[in-house]
Amino acid sequence: MSASDWDDRLSRWRDELELFAQLEDTPWVTLAQAEQETGVSRSALRSWYRNGEVRSRLVDGPNGPQRLVPLDAVVERAARSPRIQRRAERELSLEAQVTLLRSRLDQLEMRLAALESRG
């Protein structure tokens, strides 16, 4: 397969994904994209669609069959997961701690500069 054939196939596949999103009024994304957007692991996503908690469809992708899930449904399902919520809270907590530490470091640097300018 030449590079231009590959690019054409990839372009057609992306066009199909856009068409699905327009028809359904919700973006259908690959499992990799859903994982990246929501932080939900692929194994959890697989479990959710296998258990019927999230719809999915199999489409021809540039590398063979590709599983798609509606992003909105994944976000809704993730919001109901206590485990995912706890992880998100920890990440927010860590983010807040980093922000606080940066602020304190800035204050210490200003105090150090003031002390150095006196002496």
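Leaving aside its neighbours within four places in sequence, which residues is arginine 77 in contact with? They are Trp48, Glu53 and Val54, where contact means heavy atoms within 4.5 Å. This is a predicted model, so to speak of local features takes pLDDT of at least 70 and side-chain atom pairs count only at pLDDT 80 or more, while totals for chains, interfaces and linings use all residues. Residues are numbered from 1 along each chain as its sequence is written, and side-chain values use heavy atoms, with hydrogens and water left out.

**The overall layout**

- The protein's secondary structure comes to five helices and three strands; helices (H or I, at least four residues) and strands (E, at least two) are DSSP runs, numbered from the N terminus.
- Reading from the N terminus, the elements go α-β-α-α-β-β-α-α.
- The protein has 119 residues, and 23% of them count as buried; buried means under 20% relative accessible area, exposed means over 50%, and partly exposed is in between (1.4 Å probe, protein chains only).
- Take the contacts between residues at least 6 apart in sequence: 56% of these join residues at least 24 apart.

**The sheet**

- Three strands make an open sheet in the order E1-E3-E2, with antiparallel pairing; two strands pair if DSSP finds at least two bridges between them.
- Strand E1 (28-30) and E2 are the edge strands, each pairing on one side only.
- On average, neighbouring strands here are turned by 45° against each other, direction ignored; the axes are lines fitted to C-alpha atoms, for helices over the stretch in contact, and angles run from 0 to 180 degrees between N-to-C directions.
- As background, strands of a sheet pair through backbone hydrogen bonds, either parallel or antiparallel.
- E2 (residues 57-61) and E3 (residues 64-70) are antiparallel and share five bridges, and a hairpin joins E2 to E3 through two residues.
- Along that pair, leucine 58 has arginine 67 in E3 as its bridge partner, and aspartate 60 stands opposite proline 65 in E3.
- E1 and E3 run antiparallel and are joined by three bridges; threonine 30 has leucine 68 in E3 as its bridge partner.
- Helix H2 lies across E1 and E3, and runs at about 100° to E1.

**Helix H3**

- In H3 (residues 42-50), the buried residues are Leu45, Trp48 and Tyr49.
- Looking down the H3 axis, these buried residues fall within an arc of 90° and so line one face of the helix; the arc is that of the directions from the helix axis to the C-beta atoms.
- In general, an α-helix has 3.6 residues a turn, so residues three or four places apart point the same way.
- Ser43 and Arg50 are exposed, on the face of H3 turned away from its buried side.
- Glycine 52 follows H3 and has a positive phi, near 80°.

**The cores**

- The largest nonpolar core has 13 residues, and Val40, Leu45, Trp48, Val69 and Val74 touch the most other members; such a core is a set of buried Ala, Val, Leu, Ile, Met, Phe, Trp, Tyr and Cys residues joined through side-chain atoms within 4.5 Å.
- Helix H2 (31-38), H3 and helix H4 (71-79) are the elements that give two or more residues to this core.
- Apart from this core lies another, of six residues, including Leu10, Trp13, Trp28 and Leu68.
- Not counting residues up to four places away in sequence, valine 40 touches Glu35, Leu45, Trp48, Val74, Ala78, Ile84 and Arg87.

- Arginine 77 sits in helix H4 and is buried, with a relative accessible area of 15%.
- The side chains of arginine 77 and glutamate 53 are joined by a polar contact of 2.5 Å; a polar contact is a pair of N or O atoms within 3.5 Å, and within protein one must be able to donate a hydrogen and the other to accept it, while residues adjacent in sequence count only if both atoms are side-chain atoms.
- Glycine 39 is in the loop between H2 and H3, and is partly exposed, at 35% relative accessible area.
- Glycine 39 touches Ala34 and Arg87, not counting residues up to four places away in sequence.
- C-alpha to C-alpha, glycine 39 and arginine 87 are 9.4 Å apart in space, though 48 residues apart in sequence.
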